[in-house]
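Please work through the exercises below with the sequence and the coordinates at hand. Each task is followed by a stepwise solution.

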Amino acid sequence: MATSSAPLKDELDIVIPTIRNLDFLEMWRPFFQPYHLIIVQDGDPSKTIKVPEGFSYELYNRNDINKILGPKASCISFKDSACRCFGYMVSKKKYIFTIDDDCFVSSFSFFFQFS
C-alpha cells in the first residue's frame with residue numbers, strides 16, 4: 001500500500017529522456033527519490049550520464065535499445081526526446097510520469113512544500 005509521503009510508490013515509474021548529467025534531480029529529490037526512474041539517454045551512447053546517488057534507476061542508451069528491439073529499434077526516434085517512448089515500453093508499472101531533464105522545481109512551490 002502506498003504511503004501518504006509517496007503515493008503510488010509501487011505503481012509508478014518516472015521516465016526521463018536525457019542528453020546530459022542528471023544533476024537537476026537534486027532539486028526533485030524530495031519528490032522523486034521514493035520512485036523508480038527509467039532514464040533513456042539520447043545522443044552519443046559512449047557518453048557517460050551521471051545520476052546522483054540514492055535514486056533507484058535503470059539507464060538505457062541507443063545500444064541497449066538496438067540490442068533489445070533488434071530490427072524494430074528504428075521505431076524509437078532519437079534527437080527529439082521521443083526516446084522516452086522506450087521508457088514507456090520497458091516500464092512494468094501501472095502508471096508512468098515523465099519529465100524532461102531541464103525542468104526545475106518552482107522556488108515558490110518548493111518554499112511552501114518545505115516551510
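The exercises that follow concern a predicted model.

**Exercise 1.** Determine which residues of the largest nonpolar core touch the most other members, and which elements supply the core.

*Solution.* Step 1: the core holds 17 residues, and Ile16, Leu22 and Leu25 touch the most other members. Step 2: at least two residues of this core come from each of β1 (12–18), α1 (25–32) and β2 (36–41). Step 3: a separate second core, with 12 residues, includes Ile65, Ala73, Ile76 and Phe86. Step 4: beyond four places in sequence, the contacts of isoleucine 16 are Leu22, Phe24, Leu25, Leu37, Ile38, Ile39, Val40, Ile99 and Asp101.

**Exercise 2.** Locate serine 91 and decide whether serine 91 counts as buried or exposed.

*Solution.* Step 1: serine 91 lies in the loop between α3 (84–90) and β4. Step 2: its relative accessibility is 13%, and the limit for buried is under 20%, so serine 91 counts as buried. Step 3: excluding residues up to four places away in sequence, serine 91 touches Asp13, Ile38 and Ile96. Step 4: the side chains of serine 91 and aspartate 13 are joined by a polar contact of 2.6 Å.

Conventions:
Residues are numbered from 1 along each chain as its sequence is written. This is a predicted model: local features need pLDDT of at least 70, side-chain atom pairs count only at pLDDT 80 or more; totals for chains, interfaces and linings use all residues. Side-chain values use heavy atoms; hydrogens and water are left out. A nonpolar core is a set of buried Ala, Val, Leu, Ile, Met, Phe, Trp, Tyr and Cys residues joined through side-chain atoms within 4.5 Å. Buried means under 20% relative accessible area, exposed over 50%, partly exposed in between (1.4 Å probe, protein chains only). Helices (H or I, at least four residues) and strands (E, at least two) are DSSP runs, numbered from the N terminus. Contact means heavy atoms within 4.5 Å. A polar contact is a pair of N or O atoms within 3.5 Å; within protein, one must be able to donate a hydrogen and the other to accept it, and residues adjacent in sequence count only if both atoms are side-chain atoms.
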